[in-house]
Every structure is written in C-alpha cells, then in structure tokens.
Amino acid sequence: MSTTTEARRITTAKAMAEGIGLEMRRDPNVFVMGEDVGAYGGIFGSTTDLFGEFGAERVIDTPISETGFIGAGIGAAVEGLRPVVELMFVDFYGVCMDQISNHMAKIHYESGGNVKVPMVLMTATGGGYSDAAQHSQCLWGTFAHLPGMKVVVPSNPYDAKGLMISAIQDDNPVMYMFHKGGQGLVWMEKNPRSIGDVPEESYTVPIGKAAIAKEGSDVTIVTLSLSVQHSLDVAEELEGEGISVEVVDLRSLVPLDTETVLESVGKTGRVLVVDEDYKSFGLTGEIAAVIAENDPGLLTKPFSRLAVPDVPIPYARPLEYGILPTRDKIKAAVKDLMS
Amino acid sequence: MVQNATVGIIANPASSRDIRRIVARGPATTTNDKINSLARLMEGLAATGVQRVLSMSDAGGIAAGLAAIAAKATASHWPELDFVDQEITHSPTDTVNAARAMHDCDVGAIVVLGGDGTNRLLIGETGDIPVASVSTGTNNAFPRHDEPTVVGFAAGFLATGQVEAATCTYTAKSLTVTAGAESMRALVDVAIVEGDRIASGAVWDERSLREVFLCFAEPEAVGLSSIGGHLHPVCRRQPHGLHIRLDQAARQRVTVPIAPGLVRKLGISSLATLEPHTEVAVEAESGVISVDGERSMRFAPDTPISVSLGPNGPLVLDVPLAMSEAANTTTTTKGEDAHG
Amino acid sequence: MGELDRLAMYRQMVRIRQYESRIMQEYHSDKSPAWDIGAGLIPGEMHLAAGQEPAAVGVCAHLKKGDAITAPHRPHHFALAHGVDMNAMTAEIYGRTGGLCKGKGGHMHLFDPENHFSCSGIIAQGLPVACGQAMAFQRKGTDNVAIAVTGEGAANQGAFHESLNLAAVWNLPVIFVIEDNDWAISVPKDASTAGASNADRAAGYGMPGVRVEDNDVEAVFEAAGAAIDRARAGDGPSLIEIHTLRLFGHFEGDAQAYRPELDTVNDRDPIPKYAASLQELGELSNDQIASIQAEADAEVDAAIEFAKSSPEPAPEDALLHVFA
C-alpha cells in the first residue's frame, strides 16, 4: 500500500467509480459497459462522473440484453481488452447465468490455461428498502459456490476503491458485488460508514485477504458487505457494555481467507457469522465447515450464524426487517454467545 | 360467368434471399410478407366469385402460413384452398411441378409471386392459361408491381369469364439460348458472362458481362434489361428485342441499375435490334450463360451457341387492362354489388 | 473477395470428411460390448459434421490471421478449415496432455487462441462472445471479423436474438453463419421455428440475410465473401443461412429413428457432387482425387497416432488452471 497523500471523505459509490476511472486513465484497454452506466452514472452510482471524463467511447450504455453484453464482455476480454461490465441487479443473474458461470468462469480452465478472461462483472446486491423478492438479494454464496470466478465484496469506501483496482488488474474474471445500502446514495437510508477517507491516488486492496475491521477478544463476528457496517455499530455499543467484539471483514469470498478467520476464532473461541444471503447451503455453512474441518476444538461455544432465512424477501417493511440480519439481532446473538 | 372457377397460385419461398441482399440492396421480402400478399390476393379472388384456389406446396412456410389463415373464421369467405400434392425438392423443380399440375387441372389463371427467375420457370408449362405476376423477387423486370388484392380481382374476373382473355392478355416474348446440346429459355434477358462460376447465381459483376440479349427493354426497369432500356427502349408488345455487345473499354458508356441499388457504368460496343425467329450465333471463349439474371450454364471453348427470340412465352394477364375491361362491361343494378 | 481456389476447397472438404469418418470409427471401436458412452479412448459425447463441410470451407476460405470463430458443439469442420492444428485438436479429443487444452476441455471445448478459435457446448452462447470479439476488433481499429456459427434450432434461443440486435445496434464486424441441417437433434425445423427463415429474421434486426440453399461450397464462398468484405469495410453485420446436410446422427450413438429421409442422405453428399463438377470443368482428375484422399488418410492417421501416444493427464492436474 502506498503512502497516503491526500484523503478526502467520499461515498462508496464515488470510491469504486474513482477506482475504475484511475484504471481507465492508466490502461486504454479498460472500458465500461452496462445498462445506464453512461450519462446516468449507474443506477447505484457505480460509474459516477466517468461518462463526463471518458465519453460514450469508453463508457457504453447497452441495450437490455444481459446475455448479449456480458457475452460481449467475455469476447472482448478474450481478445485482450479489459472490460468492466455491470449487471444492474444481481437478481438479474437468471437471464445471463450461462454466460457468467459456463463461459466467463470456465473458459480459462477449459482451455487448459491458454485463454484468459480479464473481466470484472460488477453488480448491485442487498435489501432493506422494500425492493422485494426480485430486487433485494445478495447471492454471493451462489457465485462463490461456482468454480472459476473470484468474488469480492467490499464493505466500505476505502476497500471499494482498492478492490476495484485489484479486480481490474487481475487477469481472472472477478465478480465485484457491492451493496446498494452501502453505496452512500443520497436517496437511501443514511449509513455513516458509507462515507469514508479515501486517498486520491491509485492503490490496491489484495483479493483473497480478509481484514480485521475491529480488534476484540471475546467474540468473533465473521461478516461482509453492509453487515460489516452493522456489526461495527454493534461492536461499538457492546464495548460500552464490556463485551469486546472482533469484526472480521471477509472482503473476498473467492479466494476465502480461512487463515484470518481461524486465527480470530482461535483467539476468541466464540464465532457468529452474519450473512445477508440466504441461510442454507451458503456462506455461513461454509465458515462452519472450515472451522469444523480445521479444528472444532477452537470453539468454546457452539457455532452461531445469522442469515436471511430460506424465504423470498418480502415487501412490507416489518416483514423485510423481520428477516434481515439487523443490528438488534446481531447484538442479541453476540450476547447469547456471551451468556 | 364460369362457376367453379379455379385459380392457381405459385409463391417462391426462395425469392428475395440471395446474395443480392449484400452485394446490392436487394429487398428482404420476408415469408410473412409473401403470406400476406397471398392473403390479399385471396381477398380479391373471393370478391370476384372464384370458387377454388390450387396452391403450390413448399417447405419454406408459405403454404403452411396461408393454410393457417384460411382455416380461420375470418377467411370463411375465401375460395376453397387446396395444395398441389408434390414432393418438395427445395429447388426450382418445385415451381415447375406446381405449374404443370395447374396446367393439367386446367385452372382459369395462375398468379405467380416471385421475380424474373421464378416467372421464367413457367415458360412452356402453362399453355394458354393466363399468368399474372406479383413482384416479390429481387429483380422484377418481368413481373409488374400491381397490388396483390387488385391482381386477385383481375385474375378472378378472367377465371370466372367476366372479362375475355382476348381483350386483356398477350403472349410474352421469350428467348431461347442453345449451347451445344443444352438449351434454356428466358423471359427478360440472356447474358454471356466471363468466367466459370455458377455458384450463387445472381449476376452482379458488370465487368464480366460480354453480351446481352433482351426480350424487351423498359426504361423504368431495373436489372440487365435496363442496359437496353436506357439506350433504345423496346416494349413488351413489340415483336423484336435487342442484342447488345459490351466492352468496358468502349467509348460509349451507359450508367444503369443492374440490380436494386447497384448502379454501374458499362461500355457498349454495339447495339442492334433482335428480330424474332432469327438465330443469332454467339462467338465467345468459354464462359457462363445467365438467364434472367441468374448464371445457369457453363460452356466450354468451341461450343456452338445461338440465341433466338420468339412470341413463345407464357400468356400474360395485363392487370390494368383487365380491370378497365371489367369496369366497362359492368352493369349495375341499384342496391346490388357491381361484380360477382 | 479473394480468389476462388477450387482444388484447395475440395482438398479441405476431403480432409475434414476423412477426419470425421475416422473419429467416428475410433469413437465407436472401443465402446463394446454394451455401448457405454463413458468408455473408450474417446469418452463422452461426439458430434460430427460430415456433410456440413461446404459451410466451413466456403466461409473459412476468406479468413485471415486475427479473424475469430466461435463454433457450437459440432465444431471440427470449422476448426480444421480455420487452421487449428489437427494433432493438438485430436489429442484434446482423446483427453491427452498434448491436446489444445491439456485434456481439460475435450471435443466440445476446443480453444486455440493462436487462431482465435473457440467452441462451446451451450447452444447459441458463442454468439454474444463473437460479438465481443468483433467489438474488440472495432475498438482496436483492425479490419478483422468474427464468425459466429450456430444451428437453425439454436436460432430460437434468446442469445441469438440478443446478439443480432447488439451487433446491428453497434455495427459490429460479425457474421452470423446459421447451419440449417434441418434437425435440432430430433425436431425438424418446421416444428420449432416460426417464419421458417433466419434470413428473414436478419431483416427484422436491421441487417441483410442471405440463404444459400444447396450446400454448394462455391455458393457459400460467394455469399460469405460478400458478407466478410462488407464487415471488413465497416458496414456491419450480416447473416448467412446455409441449408446443409447432417450425414451422421446428432451425436454418435443416435439411431436417428426420427429421420424419415435417412436412406437418401448419401445421395445428397456434397463432396462427390463437387468432385464431379470439378472433373467436368477439367480441374480435377481421377489421379488427383486418389492422391488427395491418400494425403487426407495419412494426415488423419498421423493425428490419431499423435493423440494416442500423448500422455494422459495426472488426476491432480484437475486442480490446475482454475485461475491465471
């Protein structure tokens, strides 16, 4: 990491867009395409100000043809360009999953390593604002489960920029999954942690390395995305009540930094995995398996997890907040571990 | 009025699909457009009291599409629709077989949807059954551009005897080109082309043209006949045609549309009228003979080639004449339909 | 459009036919006694393109270095016609380390980046990728083109429609080549396709569509040449639908009980027809026919030998090449 020169406070959205912009200035092969990424700046701000600097030549608005333009991204990447393609909502994966998992993720392997697909597929995830079942999912568990693509999930502006730059520079296909609620958008609920200090210059955040967002000694929360912000809020509160919570921000799911997770769990002996994706057959189960197969003896309390139950995400606020892993639920789960 | 009048229809599924979509600006007349044209035709036929239509069978979706419309309640007033029982070969043979079947059934008229290439296949097959042509091909020098509904009226009037064939039909001229033992017929043009490629058929490279024989040359036409049409127009009713020799180095030049949207400069070394019933010998090294704009026959060096013109093409229905005939012979009774 | 080299096209078609015939033989030879798809030196599915040679040879005659092809699950003819090395391709089909993809891909996933050739087993999904390659050529300012090959059944898949629209709206140098062999496995075209013509569909997407009816390599040559010239000149995409002939089954092991015209297909074989027409032109002699066949025999035998003597990969190699 380079020396911090200038840092200013910017939103997660602006930070990720800045990362894309720096790479576009450095490398003429980088270009962006997706729905409304041009003058609109991306529905969730992912390409803020890029159109103004680079124009329609390099920031391309596509028709509503996910299979078409994601496939085109793959073809361009195979020919040596470095496209950053946006899938507007991760929930739209159904209409283009073949290109993503059977092509983008597999071409390198199927070719015996002879063909590279240096592509970033960025996509908006997450609920909490009543967008209901088809527009509120996280689904990183699904993408992490399928071989051949890296999966990064930033939780704050600093990581958002650094991970984006790393993702673009990576010669592999990278799913860059950002939370809508964590973008710092003026038209969504304000999350103070969605605005933060971000250096102006280019820097990378390593893919495959988790971060200790807060050090602690009593309980480990393993989490990602917006839940990191919620967990940090809870940890601050509980500090005042004498409970020391360590928050492990995974940052990447593929590769998964199991070392950092096991080290933290070994230190505290108590683990809570907080995941806004569906509970069964996903990330929380994966962490449990990692602990169990490495050393179940690390745990002094049973494994604990908080995830969205296996139901479609409902519309009405009381219903939706009934299933999301909210601060209250996180706090209660931590206290439970301490009882 | 002839009761139980039958009209034949031939629609070529292959027309408007060849390479001239790319090398020229050939129109893309889709299968749906052709089906739609046939449906319009049926409406015109129905209005004149035609009882039955016999259609060519095809595997290109036209017969199926027309049958689907005919089966609906909204088409219950249409003539009964039958299809020629023919083996489909995906080749020009299908058109020829359909024409023969219609001739054998002695239909009152045949309506053809296609370009010059499609209409050419009817030569010698239709006897004295009048033929009306609706243009849907790429090159439409021979077919007229009348609206199919109106062609339906005209063909229907003829088939039902409400107008006389003598007043609104004429015999088209046709060319016969013989190369050694083989011979072919043409309704518009015969060209001697350099090279030995038959491949995609269409003629679009003007530099390869050596000689052109024309049945007629309308100045408003597109295709090889426009070469004559721009220099020395000859109409369909005149007995003679034209014989033109081409040479890119010649001083006399003419700029003509040899295909839709394809305008080219050609050098003319000679132009003469082509009298009927006269065999004209062609002197050429090896090459290809094209008929009605399609490269069709290769010939080797020293093959004797000759071309002749005669009034031996199909009997053609003049749609505007038929319509004015019908208007002139109508007797109207108050409150009743003028026709049918 | 380049020069028509009849002998070269004939030779290429014979070479491809010999390849497909020998692979068919080899594929079945060791699956006995009870036919087991997973058994033998060539395991898995096999889709052969015998009869479809004119499509590949007529199109590839116009391609140059840097031009790309994405092909479907029946790729051998396009691969060979585009210059993919026969030895490496065969070794890949045999699942050996000397194969194009070190045994990772197999017959449906042949990748040759040198020749910008790839194929995929998911119907129609190579079309968007070809659009992307065309997009890259456009952005780099080269006059290279991408050829997107698929079948008439595949033209009902969403990716086909998205790709045609994308190519037209962005004016991409991509040519869509539809091999209409009448059968989508066992379903005939008139049972699956409204409008019955992909040349018509092209018009609906704002690009010219041409249909080549008779599986004639020279007709394909001319149509493809015009389409490729157009794309190289920056005039955008087009579609060529070639009515071709699938001589064998959809996959090897397909009894084709659904196919009524099966006993007449050999009459429509394009290669003897082309040989006859070249002989008539005086451009092919009986001696040449024999020597071209012998050359093809030898080359294919050598490739199969090469494949058989290439080592099998070690099981642990399965974990390699996930990420670069």
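Visitor: How many residues of chain C are in contact with chain B?
Guide: 28 residues of chain C touch 20 residues of chain B, contact meaning heavy atoms within 4.5 Å. This is a predicted model, in which local features need pLDDT of at least 70, side-chain atom pairs count only at pLDDT 80 or more, and totals for chains, interfaces and linings use all residues. Residues are numbered from 1 along each chain as its sequence is written, chains are lettered from A in the order in which they are written, and side-chain values use heavy atoms, with hydrogens and water left out.

Visitor: Which residues of chain C lose the most area to chain B?
Guide: D200(C), V210(C) and E222(C), together 28% of what that side buries. Buried area is the accessible area (1.4 Å probe) that two parts lose on being put together, summed over both.

Visitor: And how many salt bridges are there across that interface?
Guide: The rule finds 4, counting a side-chain nitrogen of Lys or Arg within 4 Å of a carboxyl oxygen of Asp or Glu. One of them joins E222(C) to R295(B), with the closest N and O atoms 3.0 Å apart.

Visitor: Changing topic: which residues of helix α9 of chain C are buried?
Guide: P270(C), I271(C), Y274(C), A275(C) and L278(C); buried means under 20% relative accessible area (1.4 Å probe, protein chains only). Helices are DSSP runs (H or I, at least four residues), numbered from the N terminus.

Visitor: Why are they on the same side of α9(C)?
Guide: Because they cover an arc of only 135° around the axis, taken from the directions from the helix axis to the C-beta atoms.

Visitor: What do they pack against?
Guide: The buried residues of α9(C) pack against α1, α2, α8 and α10 of chain C.

Notes: Buried < 20%, exposed > 50% of the residue type's maximum accessible area, 1.4 Å probe, protein only. Helix = DSSP H or I, 4+ residues; strand = E, 2+ residues; numbered from the N terminus.
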